[in-house]
Amino acid sequence: MDNQIMIGSCIALIAILGVVFLSNGKKNNETNNNNNNNTEPKKLEIGGPYKREEIKKYGKDNDRQWIIIDNKVYDVTDYVSLHPGGDVIINNAGGDASENAHGEHHPPSMWDVLEEYYVGDIVEAEHREVVEGSGLGK
């Protein structure tokens, strides 16, 4: 008789744990889905051409951070948390980051990632010399 009670208790415990586990799994999936929807970077609209003066308003104190690299404008706001160098990327927000972008610390794959954040070009009258071999636009 004691074995039957023990077996029955174990089955009941397993059933309860299964229900709790499945309920938590469903809640976690719903939470993850909601979080994914909220943290998914929005698709940026390509605009411009922009004047360099316009880009200044997207500095590190703004809720959007834009940088200029090789006469192209990038909204890096959603990339700051992913940047391997941390938030140092916003030090150039609102300005030209071309020289820093061509530093040896950036791998060639950076150019592919950067293009996802492209929002437009600088007006042609304000173009600066592009560093040879930058990889952008290739």
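Which residues do ring pairs link into a cluster? Good morning, everyone; that is my topic today. The structure is a predicted model, in which local features need pLDDT of at least 70, side-chain atom pairs count only at pLDDT 80 or more, and totals for chains, interfaces and linings use all residues. Residues are numbered from 1 along each chain as its sequence is written, and side-chain values use heavy atoms, with hydrogens and water left out.

The cluster consists of Tyr-50, Tyr-58 and Trp-66, linked by ring pairs. Rings of Phe, Tyr and Trp (its six-membered ring) pair if their centres lie within 6.5 Å; planes under 30 degrees apart are stacked, over 60 edge-to-face, and the rest tilted. A search of the whole structure finds four aromatic pairs. Strands here are DSSP runs of E, at least two residues long, numbered from the N terminus.

Why is the pair of Tyr-58 and Trp-66 stacked? The ring centres of Tyr-58 and Trp-66 are 3.9 Å apart and the planes lie at 10°, so this pair counts as stacked.

Next, burial: buried means under 20% relative accessible area, exposed over 50%, and partly exposed in between (1.4 Å probe, protein chains only). Tyr-58 is buried at 18%, and Trp-66 is buried at 9%. Tyr-50 is buried too.

Finally, in β2, Trp-66 and Ile-68 point one way, Ile-67 and Ile-69 the other, and all are buried. Thank you.

How values were computed. Helices (H or I, at least four residues) and strands (E, at least two) are DSSP runs, numbered from the N terminus.
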